[in-house]
Amino acid sequence: MTSTPAMTDELGVKDWPEPERARGRLAATLATTIYTGHVRDQGTPYISHPVRVVAILKDELGVTVPELLILGLLHDALEIAPTAERLIASHLGPALTQRLRSMTPDHRLEQRRKQPGDSDIWHNKIRCLGPEELLTRLADRIDNLHDLRHSPDPDRRARFLASLTSTYLPLAQESRDRNPAK
């Protein structure tokens with residue numbers, strides 16, 4: 001699913017009020033531009049992952065707020081293409097861009113290789129996320145868990161499971177009583 005119309009369908013844009021509809025179409029166009037050409041380690045087109053995150057938010061978690069679905073669609077945009085920050089800011093605004101920055105590992109924003117200590121910094125950053133950003137990151141983890149068996153890297157699988165149990169599951173438990181926007 002790499003076409004903008006397919007993404008707008010997945011977002012449910014046709015059911016949104018204006019001006020959210022136009023914003024959703026623009027977000028889908030930006031997602032197509034940013035994610036196209038990138039491939040996950042499983043060999044699948046990267047764009048499939050954020051589309052599945054949107055589906056998890058909508059279908060499994062009951063999210064209906066357009067801005068949160070857009071956040072889900074673009075949640076990895078700055079991780080994949082940090083240089084897209086200006087493009088996103090100019091079309092969707094600095095507030096959304098700042099939310100995406102808060103959800104992106106610093107070493108990715110800085111366009112450098114991961115160094116010792118970056119994982120701890122990232123997990124601390126996750127712990128500071130607002131409820132909507134955390135919900136998006138948890139939906140991201142759900143999709144990554146579904147897809148984990150296809151990863152060719154056993155070390156990546158082990159790291160994922162370790163961070164899931166040490167960071168994400170405790171955060172999910174702590175946030176059970178929060179009521180993110182639906």
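Buried, on this tour, means under 20% relative accessible area, while exposed means over 50% and partly exposed lies in between. Keep those cut-offs at hand as you click through this predicted model.

**Stop 1: Glu132 and Arg99**

Start by selecting glutamate 132 together with arginine 99. These two residues form a salt bridge, and the closest N and O atoms are 2.5 Å apart. The pair ties together distant parts of the chain: glutamate 132 sits in helix 10, arginine 99 belongs to helix 7 (residues 94-102), and 33 residues separate them. Is glutamate 132 buried or exposed? Its relative accessibility is 19%, so glutamate 132 counts as buried. Arginine 99 is buried too, with a relative accessible area of 18%.

**Stop 2: Asp147 and Arg52**

Next, select aspartate 147 and arginine 52. Their side chains meet in a salt bridge, at 3.5 Å from N to O. Aspartate 147 counts as buried because its relative accessibility is 10%. Arginine 52, at 28% relative accessibility, counts as partly exposed.

**Stop 3**

Now move to aspartate 140 and arginine 141. A salt bridge brings their side chains together, at 3.4 Å from N to O. Aspartate 140 has a relative accessibility of 1% and therefore counts as buried. Arginine 141 also counts as buried, at 14%. While you are here, select Arg40, Arg52, Asp143 and Asp147: salt bridges that share partners join these residues into one network. Across the whole structure, a search finds 17 salt bridges.

**Stop 4: Ser163**

Select serine 163, which is found in helix 11 (residues 154-174). With a relative accessible area of 10%, serine 163 is buried. Which residues is serine 163 in contact with, leaving aside its neighbours within four places in sequence? They are His123, Arg141 and Tyr168.

**Stop 5: the largest pocket**

Select Glu79, Arg108, Lys114, Arg141 and Arg156, which lie nearest the centre of the largest pocket among its 31 lining residues. Helix 5 (77-80), helix 8 (106-109), helix 9 (118-127), helix 10 and helix 11 are the elements that each give two or more residues to this lining. Which helix supplies the largest share of the lining? That is helix 11, with five residues. The pocket has a volume of about 930 Å³. Colour the lining by class and you will find 14 charged, nine polar and eight nonpolar residues.

**Stop 6: two backbone details**

Finish with the backbone. Most peptide bonds are trans, and most residues other than glycine have a negative phi. Select glutamate 18 and proline 19, which are joined by a cis peptide bond with omega at about 5°. Proline 19 lies in the loop between helix 1 (4-11) and helix 2 (20-35).

Then go to glutamine 111, in the loop between helix 8 and helix 9. Its phi is near 55°, a positive value in a residue other than glycine. Glutamine 111 counts as exposed, because its relative accessibility is 55%.

How values were computed
Residues are numbered from 1 along each chain as its sequence is written. This is a predicted model: local features need pLDDT of at least 70, side-chain atom pairs count only at pLDDT 80 or more; totals for chains, interfaces and linings use all residues. Side-chain values use heavy atoms; hydrogens and water are left out. A salt bridge is a side-chain nitrogen of Lys or Arg within 4 Å of a carboxyl oxygen of Asp or Glu. Buried means under 20% relative accessible area, exposed over 50%, partly exposed in between (1.4 Å probe, protein chains only). Helices (H or I, at least four residues) and strands (E, at least two) are DSSP runs, numbered from the N terminus. Contact means heavy atoms within 4.5 Å. On a 1 Å grid over the protein atoms alone, a cavity is a set of points where a 1.4 Å probe fits but cannot get out, and a pocket is an open set with protein on both sides within 12 Å along at least five of seven lines; lining residues have an atom within 4 Å of a point. Grid points are joined across faces, edges and corners, and a volume is the space filled by probe spheres set on the points. Ala, Val, Leu, Ile, Met, Phe, Trp, Tyr, Cys and Pro count as nonpolar, Asp, Glu, Lys and Arg as charged, and the others, Gly among them, as polar.
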